[in-house]
Amino acid sequence: FFKRSIEFLSAFVLLCHVPVCAFNLLLFIFYRYSPQVLYEPCTQDVVTFLVVFTCSQNYIRNPYLIAKLVEVVFVTNPTVQPRTQKFYEMMENHPLATKQLVPALMKFYTDVEHTGATSEFYDKFTIRYHISTIFKSLWQNVAHQGTFMEEFNSGKQFVRYINMLINDTTYLLDESLDSLKRIHEVQEEMKNKERWDSLPR
């Protein structure tokens, strides 16, 4: 087990020169492999790496690279992957995270509105879902509650965040109602079996 952890740490150090590879390696470990390999001396280094780059997004200019980083934080959430609870607790209790994680994620929540990609409109919903799940867990932590309240009072990112949240909710509600209408129309057509069977597949 120790040998496996050393091999992971060596690979991670090399991949840190290409961040997207490091993030993909972590996603592979959390999703497919064994998160327990991180519960070794290298754990704190990985936690620091994730927290620093998530809270200091000026180091990464590519929004999709930041989104990949947010996804790594998302999959460590115990509600998503229960086996990573210890790792997630180390991350959310990191001194930098308690002060900077909430404002950084709020900022990225609003910045992802325009990424420059042709698929930005659809990509943002996945990214924002990840951030919302992280926020839900962070709210359970008293230290992070204080940071949420500071953002609420200062209004630096909070107003834009709430505005985007309301816009997304309105859009998704409209889409849901339209989908329900189409489902109802199909159900009505299915009542006429002959007509339904004659429709092209």
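What share of the contacts in the protein chain with a separation of 6 or more comes from residues 24 or more positions apart? The points below begin with that figure.

1. Residues 24 or more positions apart account for 70% of the contacts with a separation of 6 or more in the protein chain; contact means heavy atoms within 4.5 Å. This is a predicted model, in which local features need pLDDT of at least 70 and side-chain atom pairs count only at pLDDT 80 or more, while totals for chains, interfaces and linings use all residues. Residues are numbered from 1 along each chain as its sequence is written, and side-chain values use heavy atoms, with hydrogens and water left out.

2. The protein chain has 10 helices and 0 strands, where helices (H or I, at least four residues) and strands (E, at least two) are DSSP runs numbered from the N terminus. Of its 201 residues, 39% are buried; buried means under 20% relative accessible area, exposed over 50% and partly exposed in between (1.4 Å probe, protein chains only).

3. The largest nonpolar core has 38 residues. Such a core is a set of buried Ala, Val, Leu, Ile, Met, Phe, Trp, Tyr and Cys residues joined through side-chain atoms within 4.5 Å. Helix 4 (63-75) is among the helices that each supply at least two residues of this core, and helix 4 gives the most, with 9 residues. Leu50 and Ile134 are among the residues with the most contacts inside the core.

4. Helix 4 is largely enclosed by the rest of the structure, because 10 of its 13 residues are buried. Among them are Val70, Val73 and Phe74. These three are also in contact with Ile134, as are Asn77, Tyr88 and Leu105, leaving aside neighbours of Ile134 within four places in sequence.

5. In helix 3 (residues 43-55), the buried residues include Val46, Val47, Leu50 and Cys55. The end C-alpha atoms of helix 3 are 18 Å apart, which agrees with the 18 Å that its 13 residues should span at 1.5 Å a residue; the expected span is 1.5 Å times one less than the number of residues.

6. Glu151 is in helix 8 (residues 142-154). Glu151 is buried, with a relative accessible area of 9%. Leaving aside neighbours within four places in sequence, Glu151 is in contact with Val102, Pro103, Met106, Lys156, Gln157 and Phe158.

7. The accessible surface of the protein chain comes to about 11,900 Å², of which 59% belongs to carbon and sulfur atoms. Accessible areas come from the Shrake-Rupley method with a 1.4 Å probe; for residues, only the protein chains shown count as cover.
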